[in-house]
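Please walk through this chain with me, from its overall build down to single residues.

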Amino acid sequence: MKVNEKGIGLLFGTLLFVGGGVYFYQKSLQGYALLCITVALVLAISAIISLVNNSNPTRVYESKVKEFLTTYDSILVKSSSVPQLEGRNIIYVDSMDDLVDAQLEIRKPICYLKQSESCSFVLLDDKEAYVYVEKMHAEDLSPVEIEIENLKVKNKSAEEMDSEMLRDIEKTTIVKLSNKKSYKVSPVRKKKPIMEEEIELI
């Protein structure tokens, strides 16, 4: 679980204002002391709410997704299915800010697919697909990640088939690969090693 920096910051602020309130009270400045204690109370309540929310993964996930959807509403498009990823180079980005930076360059909307435990954000370009996934649990896979894994398996299988076919060629032939292109292929013949007996004869 990530450290809740906001909650810790609020607690630190609470302690500072409590200290300030005690100092002003000792100096007989009751007005300032009351103000500091009031601010400390507000900060303490905010810190408790923040820490409680951060301890619940569902609330953290829902809060982050809601923040993204509200902040970037003008460049987001809701999708009901996984966007078309086949034939594109998949690029995972580290944060939503990175995805938004890419969107500013590409000038296309970001598709998002929200599920109960994950929300996938996908920015499609002609040859690339930029992906950011916010998840409730890091080990879970979103539908977009499952589709990407399926495409990897599919592409890997085709490449392995091509490799096996080329390995077995013994004479020059024309081969049609999985990318639907045809190639004229000739095997590479290894030179026969010269034996010691042949060296003596020379």
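This is a predicted model: local features need pLDDT of at least 70, side-chain atom pairs count only at pLDDT 80 or more; totals for chains, interfaces and linings use all residues.

Residues are numbered from 1 along each chain as its sequence is written, and side-chain values use heavy atoms, with hydrogens and water left out.

Start with the architecture. The chain holds six helices and seven strands. Both are DSSP runs numbered from the N terminus: helices are H or I with at least four residues, strands are E with at least two. Read from the N terminus, the order is α-α-α-β-β-α-β-β-β-α-β-β-α. The chain has 202 residues, and 30% of them count as buried. Here buried means under 20% relative accessible area, exposed means over 50%, and partly exposed lies in between, with a 1.4 Å probe and protein chains only. The accessible surface comes to about 14,800 Å². Carbon and sulfur atoms account for 57% of that surface. Areas come from the Shrake-Rupley method with a 1.4 Å probe; for residues, only the protein chains shown count as cover.

Contacts tell of the fold's reach along the sequence. A contact means heavy atoms within 4.5 Å. Take the contacts between residues at least 6 apart in sequence: 54% of them join residues at least 24 apart.

Now turn to helix 1, residues 5-26. For the 22 residues of helix 1 that gives 32 Å, and the end C-alpha atoms are 32 Å apart, which agrees.

Which residues of helix 1 are buried? They are Gly-7, Leu-10, Gly-13, Thr-14, Gly-20 and Gly-21. These residues cover an arc of only 140° around the axis, so they sit on the same side of helix 1. The arc is taken from the directions from the helix axis to the C-beta atoms. An α-helix has 3.6 residues a turn, so residues three or four places apart point the same way. The face turned away from the buried side carries the exposed residues Glu-5, Phe-12, Leu-15, Leu-16 and Gln-26.

Helix 1 is followed by Ser-28, whose phi is positive, near 60°. Ser-28 is not a glycine. This serine lies in the loop between helix 1 and helix 2 (30-54). At 51% relative accessibility, Ser-28 counts as exposed. Arg-107 also has a positive phi, of about 65°, although it is not a glycine. Look for Arg-107 in the loop between helix 4 and strand 3 (110-114). Arg-107 is exposed, at 65% relative accessibility.

The aromatic rings come next. A pair of aromatic rings is described by the distance of the centres and the angle of the planes. Rings of Phe, Tyr and Trp (its six-membered ring) pair if their centres lie within 6.5 Å; planes under 30 degrees apart count as stacked, over 60 as edge-to-face and the rest as tilted. The structure holds six such pairs. One of them joins Tyr-23 and Phe-24, edge-to-face, at 5.6 Å centre to centre and 65° between the planes. Tyr-23 is partly exposed, at 46% relative accessible area. Phe-24 is partly exposed as well, at 23%.

Phe-68 and Tyr-132 form another edge-to-face pair, 6.2 Å centre to centre with 80° between the planes. This pair links distant parts of the chain: Phe-68 is in helix 3 (residues 57-71), Tyr-132 is in strand 5 (residues 128-135), and 64 residues separate them. Both Phe-68 and Tyr-132 are buried. Together with Tyr-112 and Phe-121, these two residues form one aromatic cluster.

Ser-95 is partly exposed, with a relative accessible area of 23%. Val-131 is 36 residues from Ser-95 in sequence, yet 9.5 Å away in space, C-alpha to C-alpha. Within helix 4 lies Gln-103. Is Gln-103 buried or exposed? At 8% relative accessibility, Gln-103 counts as buried. Leaving out residues up to four places away in sequence, Gln-103 touches Ile-75, Lys-108, Pro-109, Ile-110 and Leu-123.

Finally, the cysteines. Cys-36 is buried, at 10% relative accessibility. Cys-119 is buried too, at 0%. A disulfide is a pair of cysteine sulfur atoms within 2.5 Å. By this rule the count is zero.

Conventions. The expected span of a helix is 1.5 Å times one less than its number of residues.
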